[in-house]
Every structure is written in structure tokens, then in C-alpha cells.
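Hi,

Here is the structure I promised to pass on. My notes on its pockets and a few strands follow below it.

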Amino acid sequence: MKFIQLSETCYYFESPVNIGYIKSGESGMLIDAGLDRQAAKKVISQLEKNELPLTHLFITHAHADHYGGASYIQEQLAVYTFASKEEAAILRNPVLEPLYLFHGALPLPELRNKFLEGPPIAVDEEVTEGTYWFGEQSFECIALPGHSLMQIGVLSDGILYAADSYFDAEQLFKHKIPYIIDAEETLHSLNRLLELNAAGAVPGHGTFEASFKDTVKVNASYHLKVLDSLEKKLTPSGIPFDEVIQSMCEEYDVAAEKLSSWLLYRTAITAYLTKLIKEEKAELQIRNARLFVRSKN
């Protein structure tokens, strides 16, 4: 885990899940907390080694790889915690994530793991888009939904902590079908990133880039490609929804062998399909208690 300074006040911990840090006088704010207490311990240790304060915590979105270490931090330090209202509901009740992935049914034990359900945490302040303060430093909250219900990015001192609103190119092609819950909002958030004035950005997964907008454009093109692939599979007569999932996974060479992986891909494919339905390019039908998808063109 590398601790990298990006500006006079902004840093980040480069790791499989990036963690941001902003210093403001005698105050310091983490942006996300990593997957688990091991990640959080490393962060606290590095901050202590560099004699940097930790007084605040900002959780960009309620996916366990971004907040799993937060409970340990709250146990060790009196940190003031920010999150959006929508994400705070899951942070306080983490079972909601595997619950919604498992069709709303109480999730099986194998789904209640640290990758899908972190320990619950307290949220002191629910934020929306706008300007907030900690210590002597202001920061901008920027709504970047699509990957989650109300993911919030943080912009301070010219540095954007973009969470999972985009992935670096290597991560994007590695995942093949990116996890999203709303394709329309995902593309809208990417367009917002292209309009932002920032000296550089830290994605949730990947490395800091000063010229991050080129990577954002790659993300937008990739999502449009997935949408096009899905639309081409649909026929006027319709095909079963489970076959749509199977066909997309085969095309993108996705090995969804575990239940958790399959549910994540099913959710993402459903998100792309929802955009096609809203655009009246596709529709759902129920036949003999089975869900079908058909094209409308």
C-alpha cells in the first residue's frame, strides 16, 4: 500500500481499493476505508508514521470493499463520518446489499461475506451535492450515481476522488461486464466527469491520472459497446431472460461460477437492459411463469 501525495493537502493510498486522504490543519479526512480491518490498520499506521491526523471519514458508496474497514477506524478513533442518505441506509444496515442482490430474499450464508456485507457503521452527517467543510478545508460533494444508488465523489484542492464512477482501462477490461445498477445514470455521471475542472482524479480501482478524462471516455465507449451487444441479442419473438444472461457472459468470457459472481453480473446486465426498456428498444414479457425479453424494433 503506497501513500502518495498529490497536492499540498491531498494524498491517496494506492492499493487494490484506493483510499483518499485530505489534510486540513489539525484535521484529516479519509475517503473510503478499504475492504477490512487489515486495510484500515495499514492506513492508520501510515498516517501515524507521517504524523498526520485522522478526524473525519467520508464513505463514497456502500459497497463492502470501500467501507469494510470503517468499523475498525470508528472503534479506534473518534472520526466524524459523512455519507449520502441513500448509501447511509446500507452502511447502517449492511445486510441490505446481499438482500437486494438475492432478489430481496434473506440471503444465503455464502452471500454474507466480507465482500458483500461489511460491518455496520455510524454515519454522523448525510450529505448531498454541494460544499462541505472539515477543519479549515472545504470540499465539494459531487453526485455520481450509476455504480450505486447515490455514490458521491469528493473534489478538493483540484483533486477528484471519483470512487467507482469510472475504472482505469486495465480494471475495466478485467471485469468485462462492469458492475452497475443504472446504465443511464452511469453514462450521465461519466459525462459530468468530462465537464469537471480538476487537476487529476483517483478512481476507486486503478491509479491517479492527471489526464483522467481520456480514461473516462474509454469507460463511456465501453458501456455503449455492452449496450449494443445486448441489444443485438434481442429478437421480436423474445428470448428467456436467463438465456440473455448466459449469452452475455459467454460473449464477454465471464466465468460466473459462484452464486455471488452470477448475481453481480445478473444485476449489471439487468441495468443495461433497463436502459433499453426505457428507450423503448426492448420490453419484458411473462409467458408461462417465465420472464422473456424481446426487441421492439
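The lining of the second largest pocket splits into 6 nonpolar, 3 polar and 2 charged residues (Ala, Val, Leu, Ile, Met, Phe, Trp, Tyr, Cys and Pro count as nonpolar, Asp, Glu, Lys and Arg as charged, and the others, Gly among them, as polar). Before the rest, note that this is a predicted model, where local features need pLDDT of at least 70 and side-chain atom pairs count only at pLDDT 80 or more, while totals for chains, interfaces and linings use all residues. Residues are numbered from 1 along each chain as its sequence is written, and side-chain values use heavy atoms, with hydrogens and water left out.

Back to that second pocket: the space in it comes to about 170 Å³. A pocket here is an open set of points on a 1 Å grid over the protein atoms alone, where a 1.4 Å probe fits, with protein on both sides within 12 Å along at least five of seven lines; lining residues have an atom within 4 Å of a point. Points are joined across faces, edges and corners, and the volume is the space filled by probe spheres set on them. M1, S15, P16, V17, I19, G34, L35, D36, Q38, A39 and K42 make up the lining. Helix α1 (residues 37-49) has the largest share of it, 3 residues; helices (H or I, at least four residues) and strands (E, at least two) are DSSP runs, numbered from the N terminus.

The largest pocket holds about 1100 Å³ of space. It has 33 lining residues, and D65, F115, H175, H205 and L264 sit closest to its centre. The elements giving two or more residues to this lining are α2 (64-67), α6 (169-175) and α10 (259-278), with α10 contributing the most, 6 residues. By class, 15 of the lining residues are nonpolar, 9 polar and 9 charged.

Now for the strands. β3 (residues 19-24) has 5 of its 6 residues buried, meaning under 20% relative accessible area with a 1.4 Å probe, protein chains only. It pairs antiparallel with β2 (residues 10-14) over 4 bridges (pairing takes at least two DSSP bridges), and Y12 has G20 as its bridge partner in β3. A hairpin of 4 residues links β2 to β3.

On to β4 (residues 27-31), which runs antiparallel to β3 and is joined to it by 5 bridges; there, Y21 is partnered with L30. These two strands also form a hairpin, with 2 residues between them, and G25 in the turn has a positive phi of about 60°.

Cheers

Note on methods:
Buried < 20%, exposed > 50% of the residue type's maximum accessible area, 1.4 Å probe, protein only.
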